[in-house]
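Please read them with the sequence and the model open.

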Amino acid sequence: MDMNIGSVIKKLRMAQGVKQDDLAEYLGISYQEVSKWETGAGLPDITLLPKIAVFFGVRIDELFSISHEDEMERI
């Protein structure tokens, strides 16, 4: 199962025309941390997930790229 949250964050950020700096400022972190997520060098702290979801106007589970096949297998 591929759950690359960083690529989902990048996709949401680019679709909304948001800079890494803007997201980082909202979350109270450095833009370097956002960059690490997006390049796969790190993952966001679990306590940031609700704030990230609110920032982009999505549900927390939408931040995880779970394929339909994996979801159905789990069910």
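This is a predicted model: local features need pLDDT of at least 70, side-chain atom pairs count only at pLDDT 80 or more; totals for chains, interfaces and linings use all residues.

**Notes on the model**

1. Glu 38 and Arg 13 are both buried. The bridge links distant parts of the chain, as Glu 38 belongs to helix H3 and Arg 13 to helix H1, 25 residues apart.

2. What does Glu 38 touch, not counting residues up to four places away in sequence? Its contacts are Gly 6, Ile 9, Lys 10, Arg 13 and Gln 20. The relative accessibility of Glu 38 is 12%, so the residue counts as buried; the cut-off for that class is under 20%.

3. Helix H3 spans residues 31–39, and Val 34, Trp 37 and Glu 38 are buried in it. These three lie on the same side of H3, because the arc they cover around the axis is only 95°. The buried residues of H3 pack against helix H1 (5–15), H2 and H4. After H3 comes Gly 40, with a positive phi near 85°.

4. A second salt bridge to look at joins the side chains of Glu 33 and Lys 36, at 3.6 Å from N to O. Both residues lie in helix H3, three residues apart, which is about one turn of the helix. Glu 33 has 31% relative accessibility and therefore counts as partly exposed. Lys 36, at 40%, also counts as partly exposed, whereas Glu 38 and Arg 13 are both buried.

5. How many salt bridges does the count give? The total is four. Among them is the bridge between the side chains of Arg 59 and Asp 61, at 3.1 Å from N to O. Arg 59 is exposed, with a relative accessible area of 52%, and Asp 61 is partly exposed, with 46%. Bridges with shared partners join Arg 59, Asp 61 and Glu 62 into one network.

6. Next, the nonpolar core. The largest one has 16 residues, and those with the most contacts inside it are Ile 9, Trp 37, Ile 52, Phe 56 and Leu 63. Helices H1, H2, H3 and H4 are the elements that give two or more residues to this core. In soluble globular proteins, nonpolar side chains tend to be buried together. Leaving aside neighbours within four places in sequence, Ile 52 is in contact with Ile 9, Leu 27, Trp 37, Pro 44 and Leu 63.

7. Now the aromatic residues. Searching the whole structure turns up two aromatic pairs.

8. Tyr 26, Phe 55 and Phe 56 form one aromatic cluster. Is Phe 56 buried or exposed? Phe 56 counts as buried because its relative accessibility is 5%. Tyr 26, at 35% relative accessibility, counts as partly exposed, and so does Phe 55, at 23%. Phe 56 is also one of the residues with the most contacts inside the largest nonpolar core.

9. Lys 51 lies over the face of Tyr 26, at 5.4 Å from the ring centre.

Notes: Residues are numbered from 1 along each chain as its sequence is written. Side-chain values use heavy atoms; hydrogens and water are left out. Rings of Phe, Tyr and Trp (its six-membered ring) pair if their centres lie within 6.5 Å; planes under 30 degrees apart count as stacked, over 60 as edge-to-face and the rest as tilted. Buried means under 20% relative accessible area, exposed over 50%, partly exposed in between (1.4 Å probe, protein chains only). A charge sits over a ring if NZ of Lys or CZ of Arg is within 6 Å of the ring centre and within 35 degrees of the ring normal. Helices (H or I, at least four residues) and strands (E, at least two) are DSSP runs, numbered from the N terminus. The arc is that of the directions from the helix axis to the C-beta atoms. Contact means heavy atoms within 4.5 Å. A nonpolar core is a set of buried Ala, Val, Leu, Ile, Met, Phe, Trp, Tyr and Cys residues joined through side-chain atoms within 4.5 Å.
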